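I opened this entry to record what I looked up on aromatic contacts and salt bridges.

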Amino acid sequence: MSGEKYNIIVRLAENDDMPMVADIYNQAIEAGRITADLTPVDVPNRLNWLKKHPRHKYPVFVAEISGRVVGWLSLSAYRPGREALLQTAEISYYVDFSHHKCGVATALMEHALAICPQLDIDHLLAIIIEGNNASIYLMKKFGFKEWGWLPGVNCFGNQRLAHVYYGKSLLVDEPAAPVEEKHLLDNLKNMLHLKKS
């Protein structure tokens, strides 16, 4: 179905959507190196997971094509319980393998980014497994930047892969980026040179 255009509807997830949500997630688990989960999930697992995503703060959205759920996206608490991080959320998405490259992920991302201000969320983090180039491309497409790299924390048999943190600030006035260490050293050298002359 790659390349075709579809009418994609994004809406809040309901309990009845959990069989398809579980199926889509299990596709990623079976494929490997897309999620850190290694054991397939069942519907009760996803129902419990949905309960932990209150709609007013950390909703789950599904994408439909012709009445069929073909993808989902969740906004989740980052470091739950830390009050200073209440305005930061982790963003995750998965798309039915039969509907890759159909604009589903893009539609889900657009919807999530548009609603974040209403949820009092101003920073988003996507935690991606090293080598998941499709997700990295999508994050960059929406202005996410690489904020962190945790080498070798994912163990897939004999292979260890990093967790890559991509982040995006939704603040209108972003804080100034920190000065790089090299610039600090250059400034220090210039100051020392001025003192000698």
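**Aromatic contacts**

I found both Trp72 and Tyr94 buried (buried means under 20% relative accessible area, exposed over 50%, partly exposed in between, with a 1.4 Å probe and protein chains only). This is a predicted model, in which local features need pLDDT of at least 70, side-chain atom pairs count only at pLDDT 80 or more, and totals for chains, interfaces and linings use all residues. Residues are numbered from 1 along each chain as its sequence is written, and side-chain values use heavy atoms, with hydrogens and water left out.

Tyr25 and Trp72 pair edge-to-face, at 5.9 Å centre to centre and 65° between the planes. Trp72 and Tyr94 form a tilted pair, at 5.0 Å and 40°. I noted that Tyr25, Trp49, Trp72 and Tyr94 make up one aromatic cluster.

**Salt bridges**

I counted four salt bridges (a side-chain nitrogen of Lys or Arg within 4 Å of a carboxyl oxygen of Asp or Glu). Arg11 bridges to Asp17, with the closest N and O atoms 2.8 Å apart. Arg11 also bridges to Glu64, again with 2.8 Å between the closest N and O atoms. Asp17 is buried at 8% relative accessibility, while Arg11 is partly exposed at 24%. Glu64 is buried at 14%. I recorded a further bridge between Glu14 and Arg55, 2.9 Å from N to O.

Definitions and conventions: Rings of Phe, Tyr and Trp (its six-membered ring) pair if their centres lie within 6.5 Å; planes under 30 degrees apart count as stacked, over 60 as edge-to-face and the rest as tilted.
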